[in-house]
Amino acid sequence: MEELVSVIVPIYNSEDCLAKCIESIIKQTYINLQIILVDDGSTDSCSEICDKYEKEDRRIKVIHKENKGASGARNSGLRFATGEYIAFVDSDDWIEEDLLEELMNCAKKNNADIVGFNSNITREKITTQDILSYYFIKGDISVWANLWHKKLFEEFSFISGAVSEDVMASYELFKKCEVLVEIPGLAGYHYSVTEGSVSRSVFKTGDYAAIDLTTKVANDVKDYCPGAYPYALLHTYKAMFNIINKAALYGIDKNVDRENFEKTKKVYINKLRRNIYAILGTKYFSKRDKIQIIVLCISPKLFLLAKHKYIKRTD
């Protein structure tokens, strides 16, 4: 019999796209699934939608809880998960019908702890000593971009309420990994960016946490696996660029100390300038990001002007 896969879906106020998400999981060609829908205190009709699907499909388990954020919802899902492997799907996203079958075929063939996909890596087999380097080079470290063996979650929990929680969570899971396999070119996960999402909202003081987390990870790697340290630093550089880019695109919250932000921004730009060759020489940054970083390093004013023109075109 096929091994059971637990699919955990954290849900909060996503009524417009939730049905599509759930349908994409129900219709998977890999049918031995435990589908855990975690309603994280939604105030729209998500609760009713979840209950409806639970009545229609015996593989579905619904958990209703107080709002604690995506990390808290994932932790609740993990407590009920009984599958040999675990996958995560966000409630405003959807997956191709053969995604889990592809991942499970690869997992069983290689006895893998992690099966990666949705990345820019072209190597299929990753040796043990290269696992952390792979993690830092991979284009997407979100927990949904991998299939995970259940043993990785022993004595593990997501940090509830943390900004950029996937950074630390994925890192801790990759540290436990012994067998990692990547499926090049498999992109069966469709990620949605909504108007109200964190990635498209104004810059807030809490967004600095991404720098703290990536720096913490890099410092740990420096001692734990020195060979991966240069790659770990790339995440910090990316977090710095993301903060500058977000503020330029969506503005700065009124509660942010503007003077401190401008000083910090200059520090980030100088750091990017000093490490520009490392940034341009890696696949971790997209071509688009590399071009934007070059412009930012040459002329922050020109970068800001370009962003303002982009906003006017898209309004």
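Guide: Let us begin with a term: a residue counts as buried when its relative accessible area is under 20%. Please note also that this model is predicted.

Visitor: What is the general idea behind the pairing of side chains?

Guide: Side chains of opposite charge can pair when their charged atoms come close. In this structure there are 11 salt bridges.

Visitor: How far apart are the closest N and O atoms of Asp90 and Arg74?

Guide: They are 3.5 Å apart, and the two residues form a salt bridge. Asp90 lies in the loop between β4 (85-88) and β5 (94-95), whereas Arg74 belongs to helix α3 (residues 69-80), so the pair ties together parts that are 16 residues apart in sequence.

Visitor: Is Asp90 buried or exposed?

Guide: Asp90 has a relative accessible area of 16%, and a value under 20% means buried.

Visitor: Which residue forms a salt bridge with Lys65?

Guide: The partner is Asp40, with 2.8 Å between the closest N and O atoms. This pair links distant parts of the chain, 25 residues apart: Lys65 is in strand β3 (residues 60-65) and Asp40 in strand β2 (residues 33-40). Lys65 is buried, with a relative accessible area of 18%, and Asp40 is buried at 2%.

Visitor: Which residue does the side chain of Arg59 meet in a salt bridge?

Guide: The side chain of Arg59 meets that of Asp57, at 2.9 Å from N to O. Arg59 counts as buried at 16% relative accessibility, and Asp57 counts as buried at 12%.

Note on methods
Residues are numbered from 1 along each chain as its sequence is written. This is a predicted model: local features need pLDDT of at least 70, side-chain atom pairs count only at pLDDT 80 or more; totals for chains, interfaces and linings use all residues. Side-chain values use heavy atoms; hydrogens and water are left out. A salt bridge is a side-chain nitrogen of Lys or Arg within 4 Å of a carboxyl oxygen of Asp or Glu. Helices (H or I, at least four residues) and strands (E, at least two) are DSSP runs, numbered from the N terminus. Buried means under 20% relative accessible area, exposed over 50%, partly exposed in between (1.4 Å probe, protein chains only).
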